[in-house]
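Colleague: I am new to this structure and would like a close look at a single part. Please take me through it step by step.

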Amino acid sequence: MSWSVPPELHHDFLLVEQLLRERTRARMAVISMVGPHVVTDPSDRLRALIVLAIARLGNGAGEQVAHAAAAVELIEAATRAHDDLIDEQSRRAGRVANGAWDHGVALMVGDYLFALAAGEMARSPDPRIIGLYSQAVMQICEGQLTTVSSLTPNETALVAYWQREEALAGALFAAAAQAGVLCGGLADSLLEPATQFGLHLGLARRLAREIRDLEADGAWLQAGHVPLALVLAAGNSPAPELQALFAHPSPETIAAALPIIQRDGLPAARAVLVEQQAAARQALAQLPVGATTPWLAALIGQLGS
């Protein structure tokens with residue numbers, strides 16, 4: 001999903017794009033081997049826009065804020081590169097895939113992008129941004145090490161799901177929102193509501209994507225992902241089709257389990273999405289009102305549409 005850039009942020013957003021092009025130009029041929037759009041696609045710069053939009057609630061604008069926004073996008077690109085190293089189904093089964101040449105390239109590209117991000121952090125207007133982003137990277141790594149290893153007991157599966165998604169889906173959005181507070185010269189007391197805004201926004205975005213996938217063909221299931229609706233459905237129904245899907249994702253097991261997930265899991269997952277959106281709105285209400293507040297508020301609603 002692409003996001004509209006509010007007019008107030010257009011200039012700063014172009015600065016972010018310019019920084020990303022300049023920093024990656026020298027190694028773009030190698031970076032593109034991991035994914036042709038891992039850095040170059042401007043349609044999903046949501047984390048950068050969060051930095052810019054919250055900074056604009058204060059007095060943050062221009063090149064220094066653009067450095068902090070570029071840093072978060074480089075971190076996101078690095079984590080996407082490293083994602084290529086992980087086979088979700090094998091990891092759930094406790095198996096580690098053998099290293100391959102293309103895995104080595106993904107590892108090196110991810111590390112290179114992390115190094116570029118560090119350079120942008122150092123150019124940001126507040127040195128605390130380095131700590132915020134570093135903490136987010138650590139959380140993401142911890143999230144990658146967390147897995148839903150079984151659907152039973154259901155309470156344990158739910159705890160693992162939320163630990164994983166708060167790290168993978170929420171941590172970087174939370175750090176982006178906090179960076180916006182620091183770039184905008186806003187009061188430190190606003191760091192916590194900014195954290196909550198970013199966290200719940202990221203979780204709502206993840207849930208909305210899971211729901212859309214399950215409403216379609218469940219392609220993420222084939223890749224070994226465990227959506228919330230599957231965990232919730234397993235708690236409501238001990239159907240063997242769900243266990244078979246979890247153990248061996250295939251077109252056959254997906255076809256058998258998907259109607260059960262849609263019936264027993266999707267309604268509850270949609271309700272959780274609404275809760276996450278409400279929590280993001282509540283956190284946004286604690287931030288100062290500014291020119292970008294309407295865009296931030298509309299963004300929350302767009303995630304569920």
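Which are the buried residues of helix α15 (residues 293-303)?

Modeller: Please keep in mind that this is a predicted model. Here is the setting. The protein chain has 15 helices and zero strands. It holds 305 residues, and 53% of them count as buried. Take the contacts between residues at least 6 apart in sequence: 80% of these join residues at least 24 apart.

Now to your helix. The buried residues of α15 are Thr-293, Trp-295, Leu-296, Leu-299, Ile-300 and Leu-303. Look down the axis of α15. Its buried residues fall within an arc of 165°, so they line one face of the helix. An α-helix has 3.6 residues a turn, so residues three or four places apart point the same way.

What does α15 meet through these residues? The buried residues of α15 pack against α3, α9 and α14 (266-284).

Two of those partners also pack on each other. Helix α3 spans residues 46-55, and helix α9 spans residues 191-215. Their axes are 12 Å apart, at an angle of about 150°. That makes α3 roughly antiparallel to α9, because an angle over 145 degrees counts as such. The crossing of these two helices, α3 and α9, is right-handed. On the α3 side, the contact uses Leu-46, Arg-47, Ile-50 and Ile-54. On the α9 side, it uses Phe-197, Leu-201 and Arg-205. By class, the contact of α3 with α9 has five nonpolar and two charged residues, and no polar ones.

Follow α9 onward and you reach another partner. Helix α8 (residues 154-183) packs with α9 at about 135°, their axes 7 Å apart. That makes α8 oblique to α9. Here, too, the crossing is right-handed: α8 passes α9 that way. The contact of α8 with α9 divides into 15 nonpolar, five polar and five charged residues.

The loop between α7 (128-145) and α8 contains Pro-153. A cis peptide bond joins Thr-152 and Pro-153, with omega about -10°.

Ala-234 is found in helix α11 (residues 228-236). Is Ala-234 buried or exposed? Its relative accessible area is 15%, and buried means under 20%, so Ala-234 is buried. Leaving out residues up to four places away in sequence, Ala-234 touches Leu-151, Asn-154 and Leu-242. Ala-157 is 77 residues from Ala-234 along the chain, yet their C-alpha atoms are separated by 9.7 Å.

Helix α11 has a partner of its own. The axes of α11 and helix α13 (residues 251-264) come within 8 Å and cross at roughly 85°. That makes α11 roughly perpendicular to α13. From α11, Ala-229, Leu-230, Leu-232, Ala-233 and Asn-236 make the contact. From α13 come Ile-260, Ile-261 and Asp-264. The contact of α11 with α13 divides into six nonpolar residues, one polar and one charged.

Back to your question, then. The buried residues of α15 line one face of the helix. They pack against α3, α9 and α14. Of these, α3 and α9 are roughly antiparallel to each other, while α9 also packs with α8.

Technical notes: Residues are numbered from 1 along each chain as its sequence is written. This is a predicted model: local features need pLDDT of at least 70, side-chain atom pairs count only at pLDDT 80 or more; totals for chains, interfaces and linings use all residues. Side-chain values use heavy atoms; hydrogens and water are left out. Axes are lines fitted to C-alpha atoms, for helices over the stretch in contact, and angles run from 0 to 180 degrees between N-to-C directions. Helices (H or I, at least four residues) and strands (E, at least two) are DSSP runs, numbered from the N terminus. Angles under 35 degrees count as roughly parallel, over 145 as roughly antiparallel, 65 to 115 as roughly perpendicular and the rest as oblique. A crossing is left-handed if the near helix is turned anticlockwise from the far one by less than a right angle, and right-handed if clockwise. Contact means heavy atoms within 4.5 Å. Ala, Val, Leu, Ile, Met, Phe, Trp, Tyr, Cys and Pro count as nonpolar, Asp, Glu, Lys and Arg as charged, and the others, Gly among them, as polar. Buried means under 20% relative accessible area, exposed over 50%, partly exposed in between (1.4 Å probe, protein chains only). The arc is that of the directions from the helix axis to the C-beta atoms.
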